[in-house]
Amino acid sequence: MPVYEKNGLIYCVYYDNGRRVWEPYGRGPQARAAAETRDLEIKLKKRRGQWHEGSSAITYLELLNLYISARQTTLSSHTWDGILRATSTYAAKILYPVPINRITMDHWLQIQAGMIAKRLKNRTINTYFKYISHPLTWAVNEAGLLERHPWSRRKALKEEKFDIRLFSIHDFLKIMWCSGPHLAWAMEIAYYTGARPGPKELFSLTWDRLDPDRSAILLDSAKTSNGTSRPTRWQYIPPNFMRRLLRYKKATLRDYPDCRHVCHYEGQPIKSLKTAWRNAKRRAHISAPIRLYDIRHYHITYALAGGADIRDLAERVGHTTPKMIVNVYSHLAKDVLKNRAHTLPDLAQNPLAKGPTVEKIVDENKKAVSKDGLSC
């Protein structure tokens with residue numbers, strides 16, 4: 001039962017039920033010391049006759065800690081947040097104390113029942129299943145702590161199609177007019193940037209992210225789930241709004257010299273706008289289920305309807321792939337365009353428009369035809 005190092009990871013290796021087990025302990029001198037301590041503990045128990053086959057499995061919580069130690073440099077912060085949120089919120093009481101070789105499908109069904117009771121959507125439950133399963137998958141495929149995944153036969157719940165209902169610009173302006181200055185300003189920035197309204201994008205935007213020469217804003221990307229995703233992205237805005245941003249910056253720094261954030265409440269960073277949004281909707285007498293996040297949907301849909309390139313649009317609004325744009329927003333953009341006239345050159349802006357009008361040309365043709373004795 002020696003201590004081995006494999007790919008930089010320290011393992012304590014022993015036999016359990018005739019199967020060779022590789023129990024990982026992380027990297028570095030402390031991990032090696034812990035693995036050696038575990039090795040001595042197993043040897044001592046066997047010598048005293050206290051070692052029972054099948055009793056050596058670590059708990060899910062211990063596995064989770066090992067997984068974090070092993071993968072801390074390879075997974076994105078978004079994935080880590082998801083794993084920790086899903087396990088601590090929904091799996092802790094049910095799964096943490098259970099030895100991993102005793103985890104069954106019933107454990108997952110209990111976790112899933114708790115999620116359903118909290119009214120989580122099927123799409124979210126499927127995502128959380130992947131997060132909670134990550135350590136178990138690693139235990140099977142890499143660490144050699146399990147022979148098979150206990151939830152391998154689980155079938156994904158049928159996911160609902162995205163049901164996005166676009167608000168009218170009339171309702172948007174009514175809410176804005178009934179909002180406090182900090183909410184109205186955040187709404188305006190979300191409208192022109194398509195930023196996700198939360199602490200990772202809209203609320204984290206600072207004045208040093210403005211590039212007036214390019215009329216652009218550098219936004220953080222809340223979702224970076226694949227290797228090609230970037231942690232930041234540039235969004236280009238109308239020059240008129242950039243000038244408005246610069247005026248607002250000047251006024252803000254005059255009143256609050258230490259304020260770095262573009263969205264703020266009396267100089268302090270905004271953490272949430274849920275209460276302000278709910279109150280503004282109530283004052284505007286709007287009962288429709290309009291969310292602050294729907295401003296982002298509006299931005300993407302109308303940008304697509306306006307002819308934006310799908311791949312470029314996906315990059316600007318922080319989607320990891322263009323797939324979301326194609327699957328979710330394409331039909332909304334088509335609905336927007338159905339009741340619009342096709343885009344044609346504006347005759348009023350054409351230099352020839354200063355010449356005779358169509359009606360005048362028709363009248364002159366009628367007179368010419370009548371002179372020749374022909375009926376019109």
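Here is a short exchange about helix packing and aromatic pairs in this predicted model.

Biologist: Happy to look at this with you; how are α2 and α3 oriented to each other?

Modeller: Local features here need pLDDT of at least 70, side-chain atom pairs count only at pLDDT 80 or more, and totals for chains, interfaces and linings use all residues. Residues are numbered from 1 along each chain as its sequence is written, and side-chain values use heavy atoms, with hydrogens and water left out. The axes of helix α2 (residues 60–71) and helix α3 (residues 77–95) come within 11 Å and cross at roughly 170°. Angles over 145 degrees count as roughly antiparallel, so α2 and α3 are roughly antiparallel.

Biologist: Is Tyr60 buried or exposed?

Modeller: Buried means under 20% relative accessible area, exposed over 50%, and partly exposed in between (1.4 Å probe, protein chains only). The relative accessible area of Tyr60 is 0%, so Tyr60 is buried.

Biologist: What kind of pair do the rings of Tyr192 and Phe241 form?

Modeller: Rings of Phe, Tyr and Trp (its six-membered ring) pair if their centres lie within 6.5 Å; planes under 30 degrees apart count as stacked, over 60 as edge-to-face and the rest as tilted. Tyr192 lies in helix α7 (residues 181–193) and Phe241 in helix α8 (residues 239–255). With centres 4.4 Å apart and planes at 25°, the pair is stacked.

Definitions and conventions:
Axes are lines fitted to C-alpha atoms, for helices over the stretch in contact, and angles run from 0 to 180 degrees between N-to-C directions. Helices (H or I, at least four residues) and strands (E, at least two) are DSSP runs, numbered from the N terminus. Angles under 35 degrees count as roughly parallel, over 145 as roughly antiparallel, 65 to 115 as roughly perpendicular and the rest as oblique.
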